Amino acid sequence: MSMRFGGRWWGLIPAYGWLILFCFVPLAVMFVFSFLSAVPLGAREVSFTFNNYATFFQSSLYSQLTLISLTMAFQTTFWCLLFGYPLAWALSKAVRGRTQGVLFLLIVVPFWSNSLIRLYSWVIVLQNGGVISQFFKLFGISVPGILFTYPAIIIALVHAYLPYMVLTIYVSLDRIDDSLIEASRSLGARAWRTFRRVILPLSMPGVVSGVILVFVPVVGAFVEPRLLGGRQSQTLGTIIENQFVNSFNWTLGSALSFLMLFVVLLLVILSAGISRLRSRAQ
Amino acid sequence: MKHLLRNTARVYIVLALGFIYVPLLIMMLNAFNQSRINQFPLVFDLVWFQKLAQNQRLIRATVNSLSIAAFTSVLATICATFAALVLARQQFRGKAFLQALLLPPMTIPWIILAVALLLTFFWLGISRSIVTLLLGHVTVQIPFAIIVISARLAATDRTLEDAAASLGSRPARTFRTITLPLMLPGVLAALIFTFAVSFDNFPISYFLAPAGVSTLPVEIYTAIRTGFTPEVNAISTLVFIVSAACALVGGREISFGVRSA
Amino acid sequence: MSKVTIEGMSYHYGALAAVDDIALTIKDGEFFALLGPSGSGKTTLLRLIAGFLTPECGRLIIGDKEMQHVPVYARDIGFVFQNYALFPHLTVEQNIAFGLESRGMPRSEARKRVADVLALVQLIGLERRRPAQLSGGQQQRVALARAIVTEPRVLLLDEPLGALDRKLRAEMQIELRQLQKRLGTTTIFVTHDQEEAMTLADRMAVLRAGKIAQIDAPMHAYEYPQSRFVADFLGVANTFTGTVSALENGCVVLTTAAGDPISACSDQSFTIGQALAIMVRPERVILQKGSDARERVNTLNGYVSYISRTGASLLIHVTVEGYPPLTIFEQNGQRDGELHEGENVALTWLPEHARVLPAESET
């Protein structure tokens, strides 16, 4: 007998129906289109083809772009991890109580404002004649703005995605019982050892989530490269955007999208596999 | 030794906060700077705010972003509430699968979701409109909302509903007086979270908005590409202050379950 | 206030029979305990009576109505949960009034009833507090008040004193019993603590693996257990196994494997050579220093292996060759002169104080 109200299965329909209709079906449609010669409109003749995917492998341009996107993602993730982990650790261990709450909020707050705004603020800082240039001019050193260079993109990306990394790592660090650390110390392990053997492994789930939360979106980033990288910087994301907005070669764009998806999926599965191997080895 | 470590950590936090906030502060300062090209030294002037008040385009875009965010967050939260209740209450075999189904919309780069929707609508002959824009927003919001509400439901004591029933309360009444009030913080958190997701969303708006409807992120994007209008400084500053205020107020009321309350 | 009858009720968790064909009658106004080790099915049975679970078969009759298909909210019961399940977002007053308001009682009348019941559990003055602001003992009383304010026909309690510390627990036991006597509500109480069951219950059912091992008044079950399980569960039982060697006017003598004769009084009939067990409670055994002449009935020689002094009493553990350790209970100050570990002692008891038990195999 159903004693509970609001638990009937049809409650799933609005949310999941929505997701099926507007997420999974479009993805499926795009997948099909990636194998077509053109978008089937009206009575137009279309044929099944592998051309779109072949283009990717034929032209070195695309593999280069994929490489750039992946490198970008790796670098961003690396810096986020490098700066984010100590920050998360400092936040969970070095401060307490009210300070901790306030600092935590401070880190999260920009995360809540518009990402374009944050991007824009970097444009101002990094441009020619921007703040950094002006700052160095005070010392008589002429430093050109580093806007429209690759490092600018990375800086902006790290700035945007750092909170994700910090948040997830913080959550898993926070869960580690202090008594575990004390136990390790009482057994004679010094700080570094304790970190390596106790803290690091236990915080791994947070690290893995953080890495995925940063890596995946960055692979598909096109706004940051376009705005901060200038004319030269093309990534897989910008090329896909191009297909849909400028070139109108939607079938190619579809294929490229799925290739990107595939690469991302591969890496996620790999990392999940690695973390499972690691936990089994322990 | 421990002191040294602790102080180093604190210094590090300050530096990190500096990295996060300095560009934003500079942008905000420049909103009050007379200089058109963000040149220091700072000459205080409110001219850009005045220009902003007359910039219909920017204002309309901001209003659009806010309304879209408000509308879609409510819609997404309602859908998510129903779903979260089912996921939390019932035990059935496909549950893990359903939970896994929430991952793709959250983790797939939004550009891919956006172009997939664009493609599908185009093929079906549906032209871009406010509706398509809203559809896209809600789609990416739903998984977040479900997760937030589910987390809150999971943390609620199951026996409370049993207790209510034992006291003679019929299921509908139990839902109204016990389940719903206890769920409310989660629903609120979902509303705020999805609002932020929508307000901040660039890819979906960029690809799915009809001509003539612009949102704030898109306007800033265009402004940066075509040439700076310092009014962007002004509007960005305003938006940032408001959203920061909301986050500070809201963050204190609702813990997302990130910190053990 | 009603009689509760259970007939042929069963409930399975997968392949495991949590409740296996149970039949039970609880009298109107009785304080009845369901006692057993964890996994015995006592909580499952309670939840079946409450309606949180639906039995696969069997009948539940409360008063004169069949209830096994009636939903929980229509059963007119009161339930006190192990974790109290107080509504965290409501005040004490609102918590207690919840059941009354669910039945449509007007606010003013409900208020009065709440005040009455708060006086009954001695919590006046705490109406406006939230559960989180109360101590464990106070929460427990609120949970109780909430369950009884609706004057239910049956009151069900699921190990409600488990979370309290020892002293508080003892106090609450007394209060609970007095409250129940005053209200006269039929009460069913689940516990794994045999002391608690014996203190509170008019009658109790000892459960084991989903079946009832014995239903009895507590002291009667203690003195006259019907199985080794019940004997061991309700206290310490010094048990001897052997085969029947003699039958003499109302007494049966068995000979253990070690060759000692043990006798007990019993009006059952036995056959010579039958396998049997006899147990005697530790407080019935008389301990004397030194050895005694062997081969007298109900007399054993051994030495003291350990003395456990717990203030008002002593538990003396004696090792006798050929038997598992025996336990003797003495009051502090009962004996002149000290007893020491290692001393040789002789144990003896009267056959009237020993009980016959079936010779079950150890499972």
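Chain B has a secondary structure of twelve helices and zero strands, where helices (H or I, at least four residues) and strands (E, at least two) are DSSP runs numbered from the N terminus. This is a predicted model, in which local features need pLDDT of at least 70, side-chain atom pairs count only at pLDDT 80 or more, and totals for chains, interfaces and linings use all residues. Residues are numbered from 1 along each chain as its sequence is written, while chains are lettered from A and ligands numbered from 1 in the order in which they are written.

**Chain B and its confidence**

Taken along the principal axes, the C-alpha atoms of chain B fill a box of roughly 70 × 70 × 30 Å. Of its 261 residues, 51% count as buried; a residue is buried if 20 or more other C-beta atoms, placed from the backbone, lie within 10 Å of its own, exposed if 12 or fewer, and partly exposed in between. Contacts here mean that two C-beta atoms, placed from the backbone, lie within 7 Å. Among contacts in chain B between residues at least 6 apart in sequence, 78% join residues at least 24 apart.

The table uses pLDDT, the predictor's confidence in each residue, from 0 to 100.

| Chain | Average pLDDT | Residues scoring at least 70 |
|---|---|---|
| Chain A | pLDDT 79 | 85% of the residues |
| Chain B | pLDDT 82 | 92% of the residues |

Within chain B, α8(B) has the highest mean pLDDT (92) of the elements and helix α12 (residues 231–253) the lowest (76). Over residues 254–261 of chain B the pLDDT is below 50, and this stretch has eleven contacts in the model beyond near neighbours in sequence. Where pLDDT is low, the predicted coordinates should not be read in detail. In chain A, the lowest mean among the elements belongs to helix α6 (residues 131–138), at 68, and the highest to helix α1 (residues 12–33), at 89.

**Where chain B meets chain C**

Here 16 residues of chain B are in contact with 18 residues of chain C. On the chain B side, α8 (159–166) and α9 (171–199) each supply at least two residues. The largest share, seven residues, comes from α8(B). By class, that side has eight nonpolar, four polar and four charged residues; Ala, Val, Leu, Ile, Met, Phe, Trp, Tyr, Cys and Pro count as nonpolar, Asp, Glu, Lys and Arg as charged, and the others, Gly among them, as polar.

**Strands in chain C**

Five strands of chain C form an open sheet in the order β15-β19-β16-β17-β18, with antiparallel pairing; strands pair if DSSP finds at least two bridges between them. Because β15 (286–289) and β18 (326–331) of chain C stand at the edges with a single partner strand each, one side of each is left without a neighbour in the sheet. Inside this sheet, five bridges link β16 (residues 299–309) of chain C to β19 (residues 344–348) of chain C, and T299(C) stands opposite T348(C) in β19(C).

L207(C) has I212(C) in β10(C) as its bridge partner. Two residues lie between the strands, and A209(C) takes a positive phi near 50°.

**A helix contact in chain A**

The axes of helix α3 (residues 60–93) and helix α11 (residues 236–247) of chain A come within 8 Å and cross at roughly 125°. α3(A) and α11(A) are therefore oblique to each other; angles under 35 degrees count as roughly parallel, over 145 as roughly antiparallel, 65 to 115 as roughly perpendicular and the rest as oblique. The contact is made by L65(A), T66(A) and S69(A) of α3(A) with L236(A), G237(A) and I239(A) of α11(A).

How values were computed: Axes are lines fitted to C-alpha atoms, for helices over the stretch in contact, and angles run from 0 to 180 degrees between N-to-C directions.
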